[in-house]
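Please read the sequence and look at the 3D structure before going on. The report below then goes through some of its strands, rings and charged pairs.

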Amino acid sequence: MSQPADPSAQPFPLDPLTASEISAVADILRRERGVVPGAPGAPAGWRFASIEMLEPGKAELADFEAGGARPARRAEIVCFDRSANATYKGVVSLGDQRVEKFEHIPGVQANFTVDEFAECDQLLRAHPEVIAALRNRGITDLDLVFFDTWTYGDAVAPPEYRDRRIGWSDSWLKAAPGANPYARLVSGLHCVVDLNAMELLRVEDEGAFAAGEPAPAVMGEYVPAHIPERILAASRREPLKPLHVTQPEGPSFTLEGNLLRWQNWSLRVGFNHREGMTLHTVRYRDGERERSIAHRLSFAEMIVPYRDPSPDHFRRTAFDIGEWGLGFMTTSLTLGCDCLGEIRYLDAVLHNSRGEPYTIAQAICIHEEDDAVLWKHVDHDIGAEVRRMRRLTVSFHVTVANYEYLVYWRLYQDGNIECEVRATGIMVTTPLPAGAPNPNGTLVDERTYAPFHQHFLVARLDMDVDGPRNTVVVSESFAEPIGPANPHGLSLVVTNTPLRTEGEARQDVNFATQRAWKVVNPNVVTGIGAHPAYKLVPSGAIPPMFEPGSPVLERAGVIAHTLWVTPNQRDERWPAGEFVNQSARDTGLTRWTAADRPIENTDVVLWYVFGIHHITRAEDWPVMPVDVVSFWLKPFGFFDRNPALDVAGSPPDACHTPVAGAHH
């Protein structure tokens, strides 16, 4: 990411690893442990699955900020020996230039790497068996074929290959060079690959159509040059007039290294291979006090099960964070008009599977947005008082094969925090034989359906509301029965029930009672006698719709509930387990919470599950308009009154641009 404001200064303890630090980690492991990557394309040697900064603990960080010792820079690594199919996890001290820990983790597979994805494509397009299978279907131009490699879960992996590092591939056929690679699935054709040996294990060819039956004529193009003129002409719209967002005096926020300040807010922006962008030490200046709200906010897992048992889709359950990594999938925001206005960017530094660093330019966008009215009242004597809302948005975009996920964290002047995720990109589609049903999807084109699927996102919220000792309270509304004290049935009451153990904290959304959860500090009393809190307001929560014991629920027990709460443990980061690639069972939240540990008045982590129940539409094809889900963290008794009372009014000329000849 960005370097410190002073290039000679040491990185802040929460700053991600620099390119030189990543190179140093790889050199130390090569020297001390023989972790030597093989030559590109060679089926031997080691691969680096991940190299990330090992964040200091809260106490260590607090001591440093109070003037104590600087925490040592250390890196946590996962790598694997391809020849032995063995995964290792370790810790490297950058200050001492030595390996502190290096241990074999038996029976697991590390995350897939981008290099493996590219090498699979190269292997398959040159393999005689694959070429023959495509030729049998009339496909001879390999330049038009795209091979998309996916991971396996244990339940759907071929039993004879489960002790290997394996993947499976779809095959897709472009209509022309430069056309959409995800428009035409070669149905029924899948390849199983040993990723360590980079060897084709078998071709599974189930033949989707009867002999001689043509594939459907699909219009799956979204790039203007490939869309037929008849379609463009049929819905031609007038172009929009220019809309300019300008800040001639510059933005109202400051960015010093990774430290971001704006309108009483301060936080640090982080980044790693698995979570992508992370937010740290989120604080709000209230008068003379810097008050803590959250220590760390991030996404910890994303589970995307396809709800179609057909041969083309029964294998298709993605753990996009654990199996691939949002960081590795982050795209540069130089590639499109992704942000608007006066923007500041942060770069991200990652590495390939040889441990060589590279930079994603402009990986994170920071900018301000106007968001209509913040507060307003019109009095017949006083007149109107109006304040416009300004918000600060910190965002990054991820491309995971066919889908895009656009992640926005927004800070508001009234103390609110919003997290929004937008899903776009291209749906997986499947051609149908003539007359075949499609019960698990929606027809989106000629004899072509898009299967139903779900996107479960897990937000990891390490809250520190006015300090690390918090209690989570479930808040619900109830209508009291009609009676002598409530003759008209108007009485509405709210119950606030502390969650004392992990078992009690397995919570589900309930819109009938408007259930929400407050993170309360019971050790602090505000000026009006309240305990300060931040309220998690759920939205976008979706049910799992899996039977108990189903393979997906066994691997991802986290999706069984909307909310989980755990005592903060540094090694409890991944809700479905650290190693989800080829996993059979969840080794995360369901295992941790089985101990039913106490969670009252302690350092807590909330795990919030939300997402998109995607019942596919023709309007989502051939490229999907964004589907938007979000949740809020809202101050509840954290402030004594509206903290946005001091927001200045906007001058009239800032709200309207006069137009010549217009009447007002």
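The text that follows covers strands, aromatic rings, salt bridges and one surface patch.

The model is predicted, so local features need pLDDT of at least 70 and side-chain atom pairs count only at pLDDT 80 or more, while totals for chains, interfaces and linings use all residues. Residues are numbered from 1 along each chain as its sequence is written, and side-chain values use heavy atoms, with hydrogens and water left out.

**Strands**

Helices (H or I, at least four residues) and strands (E, at least two) are DSSP runs, numbered from the N terminus. Two strands pair if DSSP finds at least two bridges between them. A residue is called buried under 20% relative accessible area, exposed over 50%, and partly exposed in between (1.4 Å probe, protein chains only).

Strand S5 (residues 145–150) pairs with S6 in the antiparallel sense over 6 bridges. Within this pairing, Phe147 has Ser171 of S6 as its bridge partner. S6 is also joined to strand S7 (residues 189–194) by 4 bridges, again antiparallel. Here Gly167 stands opposite Val193 of S7. In a regular strand the side chains alternate between the two faces of the sheet.

Elsewhere, an open sheet is formed by 3 strands in the order S20-S22-S21, with antiparallel pairing. Its edge strands are S20 (430–431) and S21 (441–445), each of which pairs on one side only. Between S20 and S22 (residues 448–451) there are 2 bridges in the antiparallel sense, and Thr430 stands opposite Tyr449 in S22.

**Aromatic rings**

A pair of aromatic rings is described by the distance of the centres and the angle of the planes. Rings of Phe, Tyr and Trp (its six-membered ring) pair if their centres lie within 6.5 Å; planes under 30 degrees apart count as stacked, over 60 as edge-to-face and the rest as tilted. The count by this rule is 25 aromatic pairs. In one of them, Phe117 and Phe146 have ring centres 6.5 Å apart and planes at 50 degrees, so the pair is tilted. Phe117 belongs to helix H3 (residues 114–125) and Phe146 to strand S5, so the pair ties together parts that are 29 residues apart in sequence. Phe117 is partly exposed at 23% relative accessible area, whereas Phe146, at 17%, counts as buried.

Another pair, Tyr534 with Phe638, is edge-to-face, with 5.2 Å from centre to centre and 70 degrees between the planes. Tyr534 is in strand S27 (residues 533–537) and Phe638 in the segment after S30, so to speak 104 residues apart in the chain. Both Tyr534 and Phe638 are buried. One aromatic cluster is formed by Phe112, Phe117, Phe146, Trp172, Tyr182 and Trp324.

Charged side chains also meet rings. A charge sits over a ring if NZ of Lys or CZ of Arg is within 6 Å of the ring centre and within 35 degrees of the ring normal. Arg165 lies over the face of Phe80, at 4.1 Å from the ring centre. Arg291 lies over the face of Phe638, with 3.6 Å to the ring centre.

**Salt bridges**

A salt bridge is a side-chain nitrogen of Lys or Arg within 4 Å of a carboxyl oxygen of Asp or Glu. The structure holds 49 of these salt bridges. The table gives some of them.

| Nitrogen side | Oxygen side | N to O distance |
|---|---|---|
| Arg354 | Glu356 | 3.4 Å |
| Arg410 | Glu418 | 3.4 Å |
| Arg585 | Glu554 | 3.8 Å |

Arg585 lies in the loop between strand S28 (563–567) and helix H8 (589–592), and Glu554 lies in helix H7 (residues 551–555), so their pair ties together parts that are 31 residues apart in sequence. Arg585 is exposed, at 58% relative accessible area, and Glu554 is partly exposed at 34%. Salt bridges that share partners join Glu369, Asp371, Arg391, Arg410, Glu418, Glu420 and Arg422 into one network. Of these residues, Arg410 and Glu418 are both buried. In the remaining pair of the table, Arg354 is partly exposed with a relative accessible area of 26%, and Glu356 is partly exposed with 37%.

**A surface patch**

Tyr222, Val223 and Val623 make a nonpolar surface patch of about 220 Å². Patches are made of residues with over 30% relative accessible area and no salt bridge, where like charges are joined within 9 Å and nonpolar side chains (Val, Leu, Ile, Met, Phe, Trp, Tyr) within 5 Å. Val623 is in the loop between strand S29 (604–614) and strand S30 (624–635), and is partly exposed at 37% relative accessible area.

Terms used. Accessible areas come from the Shrake-Rupley method with a 1.4 Å probe; for residues, only the protein chains shown count as cover.
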